[in-house]
Amino acid sequence: IYHASGTLKIRDNANISQNKAKNGGGLMVAFSSKVEISGGQITNNKASNNGGGITSTIDTAIAVSGGVISANTAASRGGGMYAMGNVTISGGTIGGASAALGNKAASGGGIYFDGTGKTLEISKGDIIYNEATNGHGGGIHVNVGTLNVSSTANISSNTATAIDVNMGSGGGIYGSNNATIN
């Protein structure tokens, strides 16, 4: 799905699965558009570059209050989600009930956040069983921007592995460059 205008609502029994693209295997969010995810599934999508499940550009907004983003893969960054715009997570699951159902990418298995001047806000929800296969941030990799995580969020059982000895840090969260983590 390519979404570039207005607000896209993903809810109830929506199922975005088995799709392939260079960026945003399941969903590409562009320009000043918004996505609200309150239910459904974004699963088993592949990106040959970034964002196996979702990719968003700089002036976008994503709000996740429910649903599941799982078993997506990206060759480079953000197995579940690669985001350059603001993201708010207040529920739902990014990952799976086991490592086999988690999202995978070289860096940022669950989420790769690349939001200059933007915020990734996580108040609730689960970021679980995701894997960075040859980089940093099994659950979340924050390259630039601000990450705010509440004590009610569950970021657990994520892994960061690597072939290169200089990689493989931050199983749960990894911050680099000009990242701010609160």
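Which loop, between which two strands, holds Thr-60? I looked this up in a predicted model. Thr-60 lies in the loop that runs between strand 8 (54–56) and strand 9.

**Entry 1. Thr-60**

I then listed its contacts, leaving out residues up to four places away in sequence. Thr-60 touches Val-29, Ala-30, Phe-31 and Ser-33, and also Gly-85 and Asn-86. For a distance across the model I took Thr-60 and Ile-122, which are 62 residues apart along the chain. Their C-alpha atoms are separated by 17 Å.

**Entry 2. The protein as a whole**

I recorded 19 strands and 0 helices. The C-alpha atoms fill a box of roughly 45 × 30 × 30 Å, taken along the principal axes. The protein has 182 residues, and 48% of them count as buried. I also looked at contacts between residues at least 6 apart in sequence, and 83% of these join residues at least 24 apart. The exposed surface comes to about 7,600 Å², of which carbon and sulfur atoms supply 47%. For the charges, I noted 10 positive and 8 negative, with mean positions 7 Å apart.

In what order do the 6 strands of the open sheet stand? I read the order as 4-7-10-13-15-18, with parallel pairing. Strand 4 (20–21) and strand 18 (159–160) stand at the edges. Each of these two has a single partner strand, so one side of each is left without a neighbour in the sheet. In general, the strands of a sheet pair through backbone hydrogen bonds, either parallel or antiparallel.

I then followed the pairings of strand 10. Strand 7 (residues 46–47) runs parallel to strand 10 and is joined to it by 2 bridges. Strand 10 (residues 73–77) also pairs in the parallel sense with strand 13 (residues 104–107), over 3 bridges.

The bridge partner of Lys-46 in strand 10 is Thr-73, and the bridge partner of Thr-73 in strand 13 is Lys-104. I also found that Ala-74 stands opposite Ala-105 in strand 13.

**Entry 3. Ala-105**

I stayed with Ala-105, whose place is in strand 13. Its relative accessibility is 1%, so Ala-105 counts as buried. Not counting residues up to four places away in sequence, Ala-105 touches Ala-74, Ser-76, Arg-77, Gly-78 and Gly-79, together with Glu-131, Ala-132, Thr-133 and Asn-134. I checked the distance from Ala-105 to Arg-77: the two are 28 residues apart in sequence and 5.5 Å apart in space, C-alpha to C-alpha.

**Entry 4. The largest nonpolar core**

Which members of the largest nonpolar core touch the most other members? Of its 25 residues, I found these to be Ile-54, Met-81, Ile-111 and Leu-120. The elements that give two or more residues to this core are strands 5 (27–29), 6 (34–43), 9 (61–70), 11 (81–83), 12 (86–95), 14 (111–128) and 16 (140–149). Strand 14 supplies the largest share, 5 residues. In soluble globular proteins, nonpolar side chains tend to be buried together.

**Entry 5. Two asparagines with positive phi**

For Asn-44, phi is about 60 degrees. Asn-44 is found in the loop between strand 6 and strand 7. With a relative accessible area of 35%, Asn-44 is partly exposed.

For Asn-177, phi is about 50 degrees. I placed Asn-177 in strand 19 (residues 173–181). Is Asn-177 buried or exposed? At 63% relative accessibility, Asn-177 counts as exposed, because the limit for that class is over 50%.

Note on methods
Residues are numbered from 1 along each chain as its sequence is written. This is a predicted model: local features need pLDDT of at least 70, side-chain atom pairs count only at pLDDT 80 or more; totals for chains, interfaces and linings use all residues. Side-chain values use heavy atoms; hydrogens and water are left out. A nonpolar core is a set of buried Ala, Val, Leu, Ile, Met, Phe, Trp, Tyr and Cys residues joined through side-chain atoms within 4.5 Å. Buried means under 20% relative accessible area, exposed over 50%, partly exposed in between (1.4 Å probe, protein chains only). Helices (H or I, at least four residues) and strands (E, at least two) are DSSP runs, numbered from the N terminus. Two strands pair if DSSP finds at least two bridges between them. Contact means heavy atoms within 4.5 Å. Accessible areas come from the Shrake-Rupley method with a 1.4 Å probe; for residues, only the protein chains shown count as cover. Lys and Arg count as positive and Asp and Glu as negative; His and the chain ends are not counted. The place of a charge is taken as NZ of Lys, CZ of Arg, CG of Asp or CD of Glu.
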